[in-house]
Amino acid sequence: MGIALGAGLLFGALISLAAFLLARYGPTGGDWSFRGNGALAAYALVPALLAAGWTAVALHHRRRPWIALASGAGLVGMAVAAVDAALLPFFGPGADQTLGPIVLVALVTWTAVAPALALRLPSGSQGAPTSTAWSAGAAFLWAAGLIGGLLLVGLIFPAGS
């Protein structure tokens, strides 16, 4: 469970740092910018990383190798977040306003679907699944660590400063 908390803290901190850097130095275009409030795009990585962490916990619960599939779940989430971030600069405000909410709903949905799919896999050959309480605790600590890392680094390097 300590790995879940530590990794969550690290990834949350990295997202806050990315938001800070985007707010200060992010790309801009004619009528769009990732600077200032545009740095909120970095926070779309939160659901992607929740999907990765919770998928890892689900696979560990089922006693299955978890690194590759959990990383894949995170990459799918990051790809969806990248599509959301690309709507405004590449397709304009109309596409962003029309498709952005749909893409974000898909991203949040992926946060639940990825670990649910992992739980559908058969148990690994290494014995019975880990306890449900342990897995629930690890999933909670992953989310708490992610939020904690966001807040801690966000206090030190506020994205809007």
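Author: Start with burial. Buried means under 20% relative accessible area, exposed means over 50%, and partly exposed is in between. The model is a predicted one.

Reader: What makes F11 partly exposed?

Author: F11 has a relative accessible area of 33%.

Reader: Why is the pair of F11 and W142 called tilted?

Author: The structure holds three aromatic pairs. In this one, the F11 and W142 rings are 6.1 Å centre to centre, with 55° between the planes. Pairing needs centres within 6.5 Å, and planes under 30 degrees apart would be stacked, over 60 edge-to-face.

Reader: What does the pair of F11 and W142 tie together?

Author: F11 lies in helix α1 (residues 2-25) and W142 in helix α4 (residues 132-156). The pair therefore ties together parts that are 131 residues apart in sequence.

Reader: What makes the pair of W32 and F34 edge-to-face?

Author: The ring centres of W32 and F34 are 5.6 Å apart, and the planes stand at 70°. Edge-to-face needs over 60 degrees. So the label holds for W32 and F34. W32 is buried at 18% relative accessible area, and F34 is buried at 15%.

Reader: How do you know that α2 is largely enclosed?

Author: Of its 17 residues, 14 are buried, so α2 is largely enclosed by the rest of the structure.

Reader: What is the reach of helix α2, and what span is expected?

Author: Helix α2 covers residues 45-61 and reaches 24 Å from its first C-alpha to its last. At 1.5 Å a residue, 24 Å is expected, and the reach is close to that. R63 follows α2, with a positive phi near 60°.

Reader: Which residues make up the largest nonpolar core?

Author: This core has 11 residues: A4, I15, V46, L49, L50, V57, A138, W142, A143, L146 and L150. The most come from α4, with five residues. Apart from this core lies another, of five residues, among them A19, A23, A39 and A42.

Reader: What makes L150 buried, and what does L150 touch?

Author: L150 is in helix α4. Its relative accessible area is 14%, under the 20% cut-off, so L150 is buried. Not counting residues up to four places away in sequence, L150 touches G12, A13, I15, S16, Y43 and V46. Y43 is 107 residues from L150 in sequence, yet 9.2 Å away in space, C-alpha to C-alpha.

Reader: S16 is on that list. Is S16 buried or exposed?

Author: S16 has a relative accessible area of 1%, so S16 is buried. S16 is in helix α1. Leaving aside neighbours within four places in sequence, the contacts of S16 are Y43, G149, L150, V153 and G154.

Reader: What lines the largest pocket?

Author: The largest pocket has a volume of about 470 Å³. It is lined by 21 residues, of which I3, G53, A56, W66 and W142 lie nearest its centre. The elements giving two or more residues to the lining are α1, α2, α3 (67-120) and α4.

Definitions and conventions. Residues numbered from 1 in each chain as written. Predicted model: local features only at pLDDT ≥ 70, side-chain atom pairs only at ≥ 80, totals over all residues. Heavy atoms only, no water. Helix = DSSP H or I, 4+ residues; strand = E, 2+ residues; numbered from the N terminus. Expected span 1.5 Å × (residues − 1). Buried < 20%, exposed > 50% of the residue type's maximum accessible area, 1.4 Å probe, protein only. Phe/Tyr/Trp six-rings, centres within 6.5 Å; stacked < 30°, edge-to-face > 60°. Contact = heavy atoms within 4.5 Å. Core = buried A, V, L, I, M, F, W, Y, C linked by side-chain atoms within 4.5 Å. 1 Å grid on protein atoms, 1.4 Å probe; cavity = no way out; pocket = protein on both sides within 12 Å on 5 of 7 lines; lining within 4 Å. Points joined across faces, edges and corners; volume = space filled by probe spheres on them.
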